[in-house]
Amino acid sequence: MRANACSDDNEQLQGIKQLLDNKERVTVHHAFSLHNMTSSDNGMQLHLVLKFRYDVSCIALFGAEKPENDVEKRYGDAHRLFPYCIFNSVEETPISWTYQLKGTEVNERIELFTTVTNVKYMRYYPFVLKLLNLKVGTDGTAQTGRINLLPELKKGKPNVDFGVFTKETSAYRIAKDGVETGDVICRMVVRDLTADTLGNFSGIYTRVYTVFFFEAKWVENFATYIVFSTIMMHLTVFLPKLDLASLVGTVLAVALTEVALLFVMPPTDEFTTAECVVIVQSLYVIIQAFVVGLACDDEISGTTDCVIQMWHMFIANMVVTVCTVAWCVLEYRRYKGLVRSIKDTFKSVHAYVGMFKDIDKQI
C-alpha cells in the first residue's frame with residue numbers, strides 16, 4: 001500500500017512538472033493583502049484586496065474583452081476580467097475594480113468585503129488550532145483550463161500581506177516571520193478534471209490556497225477548566241470529618257460546580273481534553289462520597305482513624321492530580337503533533353506547489 005502511495009505521488013509530481021513546463025499554458029500571478037478582519041458567526045469577515053498579474057493576451061482566454069483605456073476603475077461593481085472564484089466564501093460585497101496596462105502586462109486589482117469559512121481543531125481544548133484559509137481559483141469557464149495560477153513571489157517567497165495579524169491589538173496574531181515559521185503558507189494546487197469532470201468542464205484547473213495558522217492562547221482556559229476543577233476535587237480530603245448529611249451536600253456542591261464547567265465550555269462533537277478531566281474528576285468525587293459514607297462512622301469523627309482516612313483521601317487525590325498532569329502533558333504533545341502533521345500536508349512537492357488531495361481534505 002505504501003509503495004502504491006509513493007508511486008501515485010511520483011506520478012502527480014511528474015504531472016505537475018509537465019504542467020508548469022507546458023508552453024501551451026499561460027501563467028497568471030496572484031497576490032493579495034488583508035486590510036482588516038473580524039470574526040462572525042458565519043466565519044471570518046475580511047477586507048480583502050485580490051491582485052492578478054498576467055499578459056494582455058490572456059484576456060481572450062478569460063472570455064472577456066480588453067478595455068479601451070490603459071487604466072480603468074469601477075466602484076461598487078462586481079466587474080472583473082480574470083474570472084476568479086473564492087471557493088470558501090459565503091458572502092461577497094464588491095468595493096472597487098482597477099485595470100492597469102503597462103506595456104503588455106496587466107495588473108488587475110479587486111477590493112471587496114468577503115466572509116470566508118474557517119477551520120477549528122477543538123479536540124484538544126483548551127489547546128485550539130484555528131485555520132484561516134483563502135482558496136482562490138478560476139470559475140472554470142472559457143479557456144481557464146489552460147491557466148497556471150501561481151502565487152506571486154517577493155524575494156523568493158509568496159507575496160502575502162498579513163500585516164493586520166502582526167498588530168499587538170489584533171485578536172488573531174502571527175509573527176512577522178510567519179512565512180519562515182510556517183504559520184503562513186501559500187501554495188498552488190492542481191485539480192485534475194480530465195477523467196472525471198464532476199459537473200465542470202473537462203480540464204486541469206489550478207488554484208492558490210493560502211492558510212494562516214493561529215494557535216489560541218490557552219493559559220486562561222487551562223486555569224479555568226482544569227486547574228480549578230483539580231483544586232475543587234481536593235476539597236474531598238475533609239469528607240471523613242463530616243456527618244452523612246453534610247457529606248452528601250458537600251459532594252453534590254463540588255460535583256455540580258464541576259458539571260457547571262461543562263456547560264460553559266465551547267460545544268464540540270467529541271470529548272476534549274478539558275471535558276475528559278472535568279468528567280473523570282466529577283465521577284471520582286462521587287465515588288469518594290460512596291466510599292467515605294460507608295467506611296467512616298459519624299462517631300469516629302476527629303479520632304485517629306478519621307485522620308488516617310483523611311491521609312488516604314489526600315494520597316488518592318494526589319494520585320489523581322498526577323494522572324491529570326500526565327494526561328494534559330500527553331494531550332499537549334498530541335496537539336503539537338497535530339499542528340506539525342497539518343503543516344506537513346501543505347509542504348511543497350515542487351517549487352510552491354502542494355498536493356490538492358491532501359490540502360483539500362483539511363480546508
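1. Strand 13 (residues 184-192) and strand 14 (residues 204-215) run antiparallel and pair over nine bridges. Strands here are DSSP runs marked E of at least two residues, helices are H or I runs of at least four, and both are numbered from the N terminus. Two strands count as paired if DSSP finds at least two bridges between them.

2. A quick word on what you're looking at. This is a predicted model, where local features need pLDDT of at least 70 and side-chain atom pairs count only at pLDDT 80 or more, while totals for chains, interfaces and linings use all residues. Residues are numbered from 1 along each chain as its sequence is written, and side-chain values use heavy atoms, with hydrogens and water left out.

3. Back to those two strands and how covered they are. Buried means under 20% relative accessible area, exposed means over 50%, and partly exposed is in between (1.4 Å probe, protein chains only). Strand 13 is largely enclosed by the rest of the structure, because seven of its nine residues are buried. Strand 14 is largely enclosed too, since ten of its twelve residues are buried.

4. Strand 14 also pairs with strand 8 (residues 129-138), antiparallel again and over nine bridges. Two contacts to check by eye: L132 has F212 as its partner in strand 14, and K135 has Y209 there. How many residues of strand 8 are buried? Ten of its ten, so the strand is mostly covered.

5. Strand 8 has other partners as well. Strand 4 (residues 84-86) is joined to strand 8 by three bridges, running antiparallel, and C85 has G137 as its bridge partner in strand 8. Strand 7 (residues 118-121) pairs with strand 8 in the antiparallel sense over four bridges. There, K120 has K130 as its partner in strand 8.

6. Now the rings. Rings of Phe, Tyr and Trp (for Trp, the six-membered ring) pair if their centres lie within 6.5 Å; planes under 30 degrees apart are stacked, over 60 edge-to-face, and the rest tilted. The structure holds 21 aromatic pairs. One of them is Y332 with Y335, a tilted pair at 6.2 Å centre to centre with 40° between the planes. These two tyrosines are about one helical turn apart, because they sit three residues from each other in helix 7 (residues 304-345). Y332 is partly exposed at 30% relative accessibility, whereas Y335 is buried at 2%. Elsewhere, ring pairs link F32, F162, F165, Y172, F212 and F214 into a cluster.

7. The charged end of R80 lies over the ring of Y84, 4.0 Å from its centre. For R207 the ring is that of F87, with a distance of 3.7 Å to the centre.

8. A salt bridge is a side-chain nitrogen of Lys or Arg within 4 Å of a carboxyl oxygen of Asp or Glu, and the count comes to nine. Among them is D77 with R74, whose closest N and O atoms are 3.5 Å apart. Both ends are partly exposed, D77 at 32% and R74 at 33%. R109 and E111 meet at 3.3 Å, N to O; R109 is partly exposed at 28%, but E111 is buried at 13%.

9. E331 and R334 meet at 3.0 Å, N to O, and they are about one helical turn apart because three residues separate them along helix 7. E331 is buried at 0%, while R334 is partly exposed at 38%. Away from that pair, salt bridges with shared partners join R53, E105 and E152 into one network.

10. Last, a surface item. V307, W311, F314, I315, M318 and V319 form a nonpolar surface patch with about 560 Å² of accessible area together. Patches take residues with over 30% relative accessible area and no salt bridge, joining nonpolar side chains (Val, Leu, Ile, Met, Phe, Trp, Tyr) within 5 Å and like charges within 9 Å. The areas come from the Shrake-Rupley method with a 1.4 Å probe, and for residues only the protein chains shown count as cover. V319 is in helix 7 and is partly exposed at 47% relative accessibility.

Methods: Lys NZ or Arg CZ within 6 Å of the ring centre and 35° of its normal.
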